[in-house]
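Here is a set of questions on how the labels for one structure follow from its numbers. Each answer sets a value against its cut-off.

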Amino acid sequence: MSREWRQFVMNLESLNAENVEAIFMQHGACSVTFSDAGDKPVLEPAPGETPFWGETRITGLFESDADLEALARDLRRMLDLAELPGHRIVTLADRDWEREWLKDFGPMCFGERLWVCPTGTHPGDAGAVIVHLDPGLAFGTGTHATTAMCLEWLDTLELDGRNMLDYGCGSGVLAIAALKLGCSRAHAMDIDVQAVTATRQNAAHNEVDDRLTVTAGADTIDGTFDVVIANILAGPLVELAEAISSHVAPEGLLALSGILDDQVDNVRDAYAPWLSFDEPEFRVQSGQTWTRLTGRKRQD
């Protein structure tokens, strides 16, 4: 028998995402996700600027009997608001809820064994290594070529017992995948609170949160790592070349993505003092050619 669900959808405006999410969870939210409220493209940011949306929407999914009027009252009281930002309550049948969440996102395979699947789905492959990830926070589900190439690269590595750094983690999918593939520990870092919140939520959902450190800001990264991935954009990659290279252990591996084909030389030259690179990997998507660079840290 089909049952109904209810969504509480609200624009965040200047509100702290983690505080709002905590209140949603106190009222029994089954899931909390973030999405773009403004339908504005995200262009290449400078280092230190937020890579996410200027207008963000939070959506909580609740059982049909949840008291969402009480949620609205608590949001106003606990956040000291005279009025809530723009919001609405939506009732969804089970099948409508699935269409809403899975409309553009089904099980995807990266390499030989790594799959990224929406919650409740399975690829039917007994040997699959599965990362469960629901859409909502748009960066890092694997649908973009830059993320896909990094996931495919991870699937080729022997990761047992290694540690990994996800520099600019977005949804945390790369760090979570590395842990599922055998890494003993991982560190996921992003400069945006939306990414930190999403990564912690996704790590807990995949039951790897006990092996994952999630932090905001590059100054929170300590030490070196056997595997480092920076899937950001070419401008920040060039400016941060020395800092990112410093976190790659001697003989450690580095993957750089978010690079267009005409930016390859600039990025590779920036890392040349520390890294020896393989041949670039290219992928065409929506009329653009994206590149993944992989290399190994030279011994001092």
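This is a predicted model: local features need pLDDT of at least 70, side-chain atom pairs count only at pLDDT 80 or more; totals for chains, interfaces and linings use all residues.

Q: How many residues of the protein chain count as buried, in percent?
A: Of its 300 residues, 49% count as buried. The chain has 9 helices and 15 strands.

Q: What share of the contacts with a separation of 6 or more comes from residues 24 or more positions apart?
A: These residues account for 68% of such contacts in the protein chain.

Q: Why is F24 called buried?
A: Buried means under 20% relative accessible area. F24 has 0%, so F24 is buried.

Q: What makes F8 and F24 an aromatic pair, and why is the pair called edge-to-face?
A: Ring centres must lie within 6.5 Å, and planes over 60 degrees apart count as edge-to-face. The structure holds 2 aromatic pairs. In the pair of F8 and F24, the centres are 5.7 Å apart and the planes stand at 90°.

Q: Which parts of the chain does the pair of F8 and F24 link?
A: F8 is in strand 1 (residues 4-11) and F24 in helix 1 (residues 17-26). The two are 16 residues apart, and the pair links distant parts of the chain. Both F8 and F24 are buried.

Q: Why is the pair of F24 and F62 called tilted?
A: Planes under 30 degrees apart count as stacked, over 60 as edge-to-face and the rest as tilted. F24 and F62 have 50° between the planes, so the pair is tilted. The centre-to-centre distance is 6.0 Å, and the limit for a pair is 6.5 Å.

Q: What does the pair of F24 and F62 tie together?
A: F24 lies in helix 1 and F62 in strand 3 (residues 56-63), so the pair ties together parts that are 38 residues apart in sequence. F62 is buried, with a relative accessible area of 0%. Ring pairs link F8, F24 and F62 into a cluster.

Q: Which residues of helix 1 are buried, and how do you know that they line one face?
A: A17, V20, E21, I23 and F24 are buried. Seen down the axis of helix 1, the buried residues fall within an arc of 160°, so they line one face. An α-helix has 3.6 residues a turn, so residues three or four places apart point the same way.

Q: What caps the N-terminal end of helix 1?
A: N16 does. A side-chain oxygen of N16 lies 3.0 Å from the backbone nitrogen of N19. The cut-off for a polar contact is 3.5 Å. After helix 1 comes G28, whose phi is positive, near 90°.

Q: Is T199 buried or exposed?
A: T199 lies in helix 6 (residues 193-205). Its relative accessible area is 0%, and buried means under 20%, so T199 is buried.

Q: What does the side chain of T199 reach?
A: It reaches the backbone oxygen of G170 at 3.0 Å. Leaving aside neighbours within four places in sequence, T199 is in contact with residues including C169, I176, A188 and V214.

Q: Why is F34 called buried?
A: F34 has a relative accessible area of 1%, under the 20% limit, so F34 is buried. F34 lies in strand 2 (residues 31-36).

How values were computed: Residues are numbered from 1 along each chain as its sequence is written. Side-chain values use heavy atoms; hydrogens and water are left out. Helices (H or I, at least four residues) and strands (E, at least two) are DSSP runs, numbered from the N terminus. Buried means under 20% relative accessible area, exposed over 50%, partly exposed in between (1.4 Å probe, protein chains only). Contact means heavy atoms within 4.5 Å. A polar contact is a pair of N or O atoms within 3.5 Å; within protein, one must be able to donate a hydrogen and the other to accept it, and residues adjacent in sequence count only if both atoms are side-chain atoms. The arc is that of the directions from the helix axis to the C-beta atoms.
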